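Colleague: I am new to this structure and would like to learn how to read it. Could you take me through it one feature at a time?

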Amino acid sequence: MSLAGHLPILQVVVPLLIAPLVVFLRPRGLAWAAAATASLLAFLIAVTLTGQILRSGPVTYMLGSWPVPYGIELHVSPFSALILLIVTGASTVALFAGRRSINMEVNNDRQPLFYSAWLLALSGMAGITVAGDAFNIFVFMEIASLSGYMLIAAGPDRRALPAVFKYLLMGTIGATFYLIGVGLIYMMTGTLNLADMEARIHGVGELKPILVAAGFITVGLALKAAVFPLHVWLPNSYTYAPHMVTVFLAACSTKVSIFVLLRFDFLVFQQNLVAHDIQFATVFIPLAILAILIPSVSAMFESNLKRLLAYSSVAQIGYIMLGAALVSVTGLTAGIVTMFNHALAKGALFLAVACLGTHFLQLRIENIRGAARHMPWTMAAFVLAGLSLIGVPGTAGFISKWYLILAALQEGSLGIVLVAVVLISSLMAVVYIWRVVEAAYFGIEKEGLQPAGEAPLALLAVTWITVLANLYFGFFPSLPLTLSTEAATALLEHLR
Amino acid sequence: MVNLFAMFLLTLLIITAVAIVRTKDLFVAVMLTGIFSLLMSANFFILDAADVALTEAAIGAGITTVLLLGALALTAERERPVSAPRWLPLVVVAITAVVMIYATFDKPRLGDPLAPVHQHVAPWYLEMTPVLIGIPNVVTAILGSFRGYDTLGELIVIFTACIGVLFLLGVPRGEGHQPPGNGAAPPDVALSHHLIPRVVGRLIFPFIVLFGLYVQFHGEFGPGGGFQGGAIIAAGIVLYTLLEGENSSFSAVPRWTLVAMAAGGAILYGAVGIAGMVMGGNFLNYSVLSNDPVLGQQMGILIIEAGVGITVCGALLTIFHVINAREHC
Amino acid sequence: MELFGLYHYWTFAVLLMIGFYAVIAKSNLVKKLIGLYIFQSAVFLLYITMDKVDGGTAPIIQDGVTGQVFSNPIPQVLILTAIVVGISTTALGLAIVIRIKEAYGTIEEHEVREMDHRVA
């Protein structure tokens with residue numbers, strides 16, 4: 001088989017096997033270089049895979065050449081391709097931008113371990129995305145989670161430690177719930193392969209264990225995806241993690257869990273449990289509404305920049321779940337394309353905050369007053385990325401909000417409520433972004449807190465590239481939209 | 001008769017678990033956790049899961065207890081009581097328990113050979129393992145070959161824990177670890193004053209390592225394999241370290257070797273997978289490693305199990321050493 | 001023996017809840033980790049319970065012995081992996097707890113939270 005045929009496994013194996021090697025790279029900067037190269041390779045593989053899928057449809061791969069369902073299978077669909085682009089893209093961007101920032105927060109001796117963990121997180125998330133076997137997802141979920149805990153714990157502030165401990169407890173409970181759910185399904189169907197499960201679960205359907213399994217898997221994955229009200233681990237973890245880690249994880253870690261949730265739900269549960277789509281909607285639409293509104297309110301009153309953006313992320317996850325819970329092509333497309341656009345917007349915002357972080361130790365609104373005078377490019381990037389988050393036309397964020405509103409309008413009277421929710425939360429986003437912008441541009445500097453100048457060039461350049469990507473995909477959204485629509489259609493096909 | 005014994009063991013499990021949660025003395029809690037693990041292991045054995053019983057005993061009862069004790073020495077010995085009783089957790093827990101018991105009533109009868117879980121894939125493995133792979137232990141065949149990708153992932157998980165602990169608690173030095181301080185007597189030879197443990201320990205140590213190697217290589221024929229073998233050898237070296245002190249242990253197996261082992265096993269595993277790709281199959285296809293596919297499978301499994309054993313041993317020992325060497329604050 | 005099987009499942013449910021309770025209700029961080037360990041072990045019990053076949057034995061095929069009924073090997077493979085994942089999580093958790101003790105001087109969650117509130 002040519003190299004192209006092995007791409008699905010290479011997507012995972014390239015960062016996975018380079019990671020143990022990185023541990024031994026003692027000289028300064030070599031570990032970073034190795035990690036950045038591996039990440040870039042992974043991104044290129046993701047791009048090639050996406051091209052393959054757009055041309056000829058989903059790709060599968062049999063590990064060990066064992067036939068399904070006796071061996072483990074990889075399955076890469078348009079939805080997977082979108083997520084892979086987000087994951088590898090976020091990783092590469094954060095690595096290329098972040099060398100100075102990481103040097104400031106992680107001391108030299110520990111850097112090889114740090115970068116090794118970064119690559120493991122990358123391969124873990126890639127592994128989840130390309131997996132076609134339920135237990136395989138669990139294993140890679142734990143790889144991604146454990147390395148994620150380590151990356152967050154690398155934060156210089158001691159408050160990172162209780163934050164990551166809470167995340168560890170909740171994340172492990174989530175993974176264990178997932179494992180219980182898979183076990184119950186396995187007990188009733190005898191297989192672990194997702195496609196096979198879908199076929200065999202027909203004969204089982206009504207029995208109580210399947211229902212309980214659905215519950216466990218949903219709650220477990222919701223814990224990992226920070227769906228309200230199980231999101232409590234997220235704000236502190238993102239706040240106290242090193243800045244580049246926040247950029248990386250905020251862009252993709254929760255989205256991968258939502259990916260698994262949607263896949264499981266639509267492939268395995270939707271058509272087999274009576275009226276499950278209504279159950280799904282009934283549970284998730286109210287939760288999504290709360291998820292959108294309550295964290296946005298918290299963000300409006302928050303003064304720590306990173307925590308403000310973290311709450312905003314929880315709200316965005318609410319948007320994604322809202323779109324998905326509408327169980328329509330437009331709704332799912334809206335939810336999925338929000339994943340992509342949020343990654344772009346939030347990634348750019350956290351990158352801008354990281355730029356600020358190179359000069360300000362305390363990232364609070366009162367501390368960055370007047371920052372725009374000394375860091376004009378940084379703040380301009382923040383403003384543009386903020387516009388994308390709010391959903392101003394011409395930015396990527398607008399596309400997602402537009403589709404969400406379109407999908408909501410298809411729902412009749414409920415739709416009016418949903419549109420109102422979306423509009424109110426967008427207004428709240430204006431408020432919390434404006435608070436930061438106002439302080440930076442119009443605030444009077446505190447005495448003795450004057451920064452030395454603009455952010456390092458690499459960081460600033462990559463921040464701007466991400467911002468421009470936001471604008472690009474705002475005007476030319478065909479790639480993410482095509483992938484999202486194909487993904488949504490594929491998911492709904494299982495709902496025959 | 002066996003059934004009654006199993007139910008008795010299960011009841012003991014519950015009692016132990018309740019005791020663990022209720023006791024305020026953390027040392028007691030850790031010891032009870034070790035007992036809990038052993039009871040689990042016995043239960044697994046009764047349920048015909050020999051490999052799992054061995055793993056739970058070696059890793060659960062063995063290594064976990066050591067790590068917990070090491071952490072206790074660095075943190076606290078007693079739990080501070082909480083002032084108000086927690087009602088909300090009890091309610092949440094009770095509701096979830098009711099939901100789950102509700103689910104148990106439709107489960108297939110335990111042991112029923114016609115249950116869905118025993119159809120479809122399982123009989124195929126039992127039938128085809130002698131044909132395709134030619135080793136008696138079906139669990140090792142599935143672990144090593146049919147679902148070998150999962151095992152690679154699992155290996156990476158323990159490697160991740162190893163570098164995570166290293167990152168949080170210790171920095172890997174270069175060649176040769178310098179003992180802290182010159183004048184003060186290192187606290188790690190405290191056990192050298194106890195004659196009986198030292199003499200007996202020195203006597204058993206080679207047998208432990210030998211047994212570990214036996215378990216490692218006999219994994220294809222009986223219960224055993226890389227995880228159990230690696231854990232047992234690690235346990236042996238932990239015993240040696242506790243008795244003889246860190247310095248002797250490090251002069252025997254230096255610290256950097258352990259990290260190299262932890263990484264090396266995983267790389268070895270990956271290399272076998274890539275070799276499979278290079279020789280025309282998919283990743284982790286062992287059949288193409290030799291002219292005779294069955295021989296190829298056996299070679300592949302042997303090598304990857306070795307990789308597993310090396311990494312598990314290295315990772316567990318690194319974690320132990322890092323915790324052990326951390327100065328009490 | 002219907003009761004035999006059900007007893008296994010009920011033990012699983014009870015152990016799961018004991019572990020879960022320890023994680024959410026206890027304040028001591030090490031206790032929480034041990035609770036997590038019990039929680040995970042309960043799941044192992046669930047999986048292994050379903051592997052048993054009447055009159056079966058461990059799935060090790062011996063030469064020349066035919067007609068032997070074997071118990072299901074797959075849950076065993078899955079749980080072997082899960083045990084290793086469990087200890088990895090415990091080890092990492094312990095490392096974090098040790099660091100918390102060094103940074104805060106305590107491993108009781110409510111005390112750590114209080115200390116953070118006083119600062120922030």
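This is a predicted model: local features need pLDDT of at least 70, side-chain atom pairs count only at pLDDT 80 or more; totals for chains, interfaces and linings use all residues.

Colleague: Let me begin with the secondary structure. How many helices and strands does chain B have?

Modeller: Chain B has 12 helices and 0 strands.

Colleague: What share of the residues in chain B is buried?

Modeller: Chain B has 329 residues, and 54% of them are buried. Its accessible surface is about 13200 Å², and carbon and sulfur atoms account for 72% of that.

Colleague: And what do the contacts say about distance along the sequence?

Modeller: Take the contacts in chain B between residues at least 6 apart in sequence: 71% of these join residues at least 24 apart.

Colleague: Into which domains is chain B divided?

Modeller: There are two entries to note: domain 1 (1–113) and domain 2 (121–177 + 184–329).

Colleague: How is the size of an interface usually given?

Modeller: Often as the accessible area that is lost when the parts come together. For domain 1 and domain 2 of chain B, the buried area is about 1300 Å², with 79% from carbon and sulfur atoms. Asp51(B), Ile63(B) and Leu74(B) supply 42% of the area that domain 1 buries against domain 2, more than any other three residues. In terms of contacts, 13 residues of domain 1 of chain B meet 19 residues of domain 2 of chain B. The salt bridge count across this interface is 0.

Colleague: What is the buried area between chain A and chain C?

Modeller: About 3000 Å², of which 81% comes from carbon and sulfur atoms. On the side of chain A, Arg158(A), Phe165(A) and Tyr186(A) supply 21% of the area buried against chain C, more than any other three residues. Between chain A and chain C there are 0 salt bridges.

Colleague: Now the nonpolar core. Which residues touch the most other members of the largest one?

Modeller: The largest nonpolar core has 364 residues, and those touching the most other members are Phe114(A), Trp118(A), Tyr178(A), Phe248(A), Phe264(A) and Leu15(C). Domain 1 and domain 2 of chain B each give this core at least three residues. For Tyr178(A), contacts beyond four places in sequence include Phe138(A), Met141(A), Phe216(A) and Phe264(A).

Colleague: Why does Asp48(B) count as buried?

Modeller: The limit for buried is under 20% relative accessible area. Asp48(B) counts as buried because its relative accessibility is 10%.

Colleague: What about Leu284(B): buried or exposed?

Modeller: Leu284(B) is buried, because its relative accessible area is 2%. Leu284(B) also has a positive phi, near 70 degrees, and lies in the loop between helix H11 (255–278) and helix H12 (293–325) of chain B.

Colleague: Which peptide bond is cis?

Modeller: The one from Phe228(A) to Pro229(A), with omega near 0 degrees. Pro229(A) belongs to the loop between helix H9 (208–225) and helix H10 (234–240) of chain A.

Colleague: Last, in which helix is His342(A) found?

Modeller: His342(A) is in helix H14 (residues 329–357) of chain A. At 3% relative accessibility, His342(A) is buried. Among the residues it touches beyond four places in sequence are Ala250(A), Lys255(A), Ser313(A) and Leu389(A).

Definitions and conventions. Residues are numbered from 1 along each chain as its sequence is written. Chains are lettered from A and ligands numbered from 1 in the order in which they are written. Side-chain values use heavy atoms; hydrogens and water are left out. Helices (H or I, at least four residues) and strands (E, at least two) are DSSP runs, numbered from the N terminus. Buried means under 20% relative accessible area, exposed over 50%, partly exposed in between (1.4 Å probe, protein chains only). Contact means heavy atoms within 4.5 Å. Accessible areas come from the Shrake-Rupley method with a 1.4 Å probe; for residues, only the protein chains shown count as cover. A nonpolar core is a set of buried Ala, Val, Leu, Ile, Met, Phe, Trp, Tyr and Cys residues joined through side-chain atoms within 4.5 Å. Domain bounds come from an automatic or database domain assignment. Buried area is the accessible area (1.4 Å probe) that two parts lose on being put together, summed over both. A salt bridge is a side-chain nitrogen of Lys or Arg within 4 Å of a carboxyl oxygen of Asp or Glu.
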